[in-house]
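My notes are below the structure.

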Amino acid sequence: MFGFLIFFFCVLATLGMCGLAAWSDFKGYRIPNIVSAIIIGSFALAYTVLLFTGQKEVIFFSLKSHLGSFFIVLIVTMAMFAVKILGAGDSKMAAALSLWLGFPGLTPFLFYMALTGGILAAVSLWLKKHKPMKNPPAGWVASMQEDGGNIPYGLAISVGALVAFFFNGYFDPVKWAEMVNI
C-alpha cells in the first residue's frame with residue numbers, strides 16, 4: 001500500500017507540474033526549471049520506492065528503458081533548441097517526462113504531443129489571420145494577434161504526457177489493485 005501511495009502522489013505531482021508548465025507557457029512562453037526538476041524528482045522517488053517494495057515490475061519498465069528514453073529525447077530536443085525550433089524549457093520538460101515513460105511510452109507521447117502541437121499551430125495561424133479579439137488578454141492569443149509569436153509547446157508536451165500516462169497504465173485500476181495487494 002505504501003508503494004502505491006507514493007507512486008500515486010508522484011504521478012499527481014508530475015501532472016500538476018504539467019498543468020503549471022502549460023499555463024505558464026500559455027501566459028508568458030516560460031517553463032520554470034523547477035517544473036522539470038520536480039518531474040525528475042517525482043520519478044526518482046516513485047521508482048526507488050517501488051523498487052524497494054517489490055512493486056516496480058507492476059508499473060515501470062527497466063531502468064535502462066526509462067533512462068534511454070530520457071537521453072534520446074534530451075539529445076533530440078537539445079538539437080531542436082539549438083536550431084531554434086523548440087524552447088529550452090520545452091526541451092527540459094519533454095526529456096523529464098520521457099523519463100517517466102520509458103521506450104514503450106515514448107511513441108504515444110511523441111505522437112500526441114506532435115498532434116496537439118499541430119492543432120496549436122493551426123489555431124495560431126487562424127488567430128494571426130483573423131484576429132478575432134479586439135483586446136485579447138496578455139499571453140499566447142495576444143502575441144499571435146499582434147506579431148505572430150511562438151506556439152506554447154508546453155501545452156502540447158503536457159497533453160502528450162497525459163495520454164502516454166494512460167497508455168503506460170499509470171491510471172489502470174487493475175495495476176493499482178495489484179500494487180495495493182503486494
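The entries follow in the order I made them.

**Ground rules.** I am working from a predicted model, in which local features need pLDDT of at least 70, side-chain atom pairs count only at pLDDT 80 or more, and totals for chains, interfaces and linings use all residues. Residues are numbered from 1 along each chain as its sequence is written, and side-chain values use heavy atoms, with hydrogens and water left out.

**Leucine 45.** I found leucine 45 in helix 2, residues 33-52. Helices here are DSSP runs of H or I of at least four residues, numbered from the N terminus. Leucine 45 is partly exposed because its relative accessible area is 39%; buried means under 20%, exposed over 50%, and partly exposed lies in between (1.4 Å probe, protein chains only). Setting aside neighbours within four places in sequence, I noted Ile6 and Cys10 in contact with leucine 45, contact being heavy atoms within 4.5 Å. I also looked up phenylalanine 7, which is 38 residues from leucine 45 in sequence but 8.1 Å away in space, C-alpha to C-alpha.

**Isoleucine 75.** Isoleucine 75 sits in helix 4. I list isoleucine 75 as exposed because its relative accessible area is 57%. From isoleucine 75 to serine 91 there are 16 residues in sequence and 8.9 Å in space, C-alpha to C-alpha.

**Largest pocket.** I read a volume of about 570 Å³ for the largest pocket. Of its 27 lining residues, Ile85, Leu86, Gly87, Asp90 and Tyr153 are the closest to the centre. On a 1 Å grid over the protein atoms alone, a pocket is an open set of points where a 1.4 Å probe fits, with protein on both sides within 12 Å along at least five of seven lines; lining residues have an atom within 4 Å of a point. Points are joined across faces, edges and corners, and the volume is the space filled by probe spheres set on them. Helix 4 (63-82), helix 5 (88-130) and helix 7 (153-167) each supply at least two lining residues. Helix 5 gives the largest share, eight residues.

**Helix 7.** I counted 15 residues in helix 7 and a reach of 21 Å from first C-alpha to last, close to the 21 Å expected; the expected span is 1.5 Å times one less than the number of residues. Its buried residues include Gly154, Ala156, Ile157 and Phe165. Helix 1 (2-28) and helix 5 are among what covers the buried residues of helix 7. Just after helix 7, glycine 169 has a positive phi of about 85 degrees.
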